[in-house]
Amino acid sequence: MKLLSIMILHKNPSLGQTRLLKGEYELGSFSFFTKRNAQEFMQFTAKLVSDRSATPSRSTIKEGEYFVHCFVRHDSLVGVCLTDEEYQSRVAFALLNKVLADFSERIPQSLWASIQSERDCNYDQLPMFLTKWQNPREADALTRVQDEVEETKVVLHNTMQSVLERGEKLDDLIKASENLSDQSKLFYTQARKMNRCCNYV
């Protein structure tokens, strides 16, 4: 999973243009000679996608091996991030939502139109967001919980496999158990039949 850039833009409806307010880039995967071109391409793509997106909207566009995630808020503030294919769009939009909320808290809306270039923008939190969200598991609680559930499923599956590998069949164990009532055994048998039936469909 790779997060390549986060950019904050502002759509000016009266002028019909979008201006880049601030951006942060992770260009380590590009060669020295292509880093500048990669950054310019990211900025161009962010402006193009922002210009063509409705207010408000969320969109994800695939460009080659990368995904461009664009979040346009009702107040015309835009967040764009560029990721690889493995980075989940839900996580990307959670990141953009947090970035735009933080930006609007620190930089008043009355100043957005006066920012002419990135040098004019005093927002300095993008490097922190870019670093923290490189690993969504650490930054996003839902991703962390999903990963833990997947790990638990693997452990449970491996445990059941090891029981079955010892030559014991779960059906035989159920029949042999004196602790289960007849109704529990009947329920288990019928559930197995239903599962087999559904597997053939």
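Me: What share of the 201 residues in the chain is buried?

Reply: Buried means under 20% relative accessible area, with exposed over 50% and partly exposed in between (1.4 Å probe, protein chains only); in this chain, buried residues make up 36% of the 201. This is a predicted model, in which local features need pLDDT of at least 70 and side-chain atom pairs count only at pLDDT 80 or more, while totals for chains, interfaces and linings use all residues. Residues are numbered from 1 along each chain as its sequence is written, and side-chain values use heavy atoms, leaving out hydrogens and water.

Me: Which residues of the largest nonpolar core touch the most other members?

Reply: In soluble globular proteins, nonpolar side chains tend to be buried together. A nonpolar core is a set of buried Ala, Val, Leu, Ile, Met, Phe, Trp, Tyr and Cys residues joined through side-chain atoms within 4.5 Å; here the largest has 25 residues, of which Leu3, Ile6, Ile8, Leu95, Phe103 and Tyr123 touch the most other members. Its elements giving two or more residues are β1 (3-12), β5 (77-84), α2 (89-106) and α4 (126-132), where helices (H or I, at least four residues) and strands (E, at least two) are DSSP runs numbered from the N terminus. The largest share, eight residues, comes from α2.

Me: Where does Gly79 lie, and which residues is Gly79 in contact with, leaving aside neighbours within four places in sequence?

Reply: Gly79 lies in strand β5 and, at 1% relative accessibility, counts as buried. Contact means heavy atoms within 4.5 Å; leaving aside those sequence neighbours, Gly79 is in contact with Met7, His69, Cys70, Phe71, Leu96 and Leu100.
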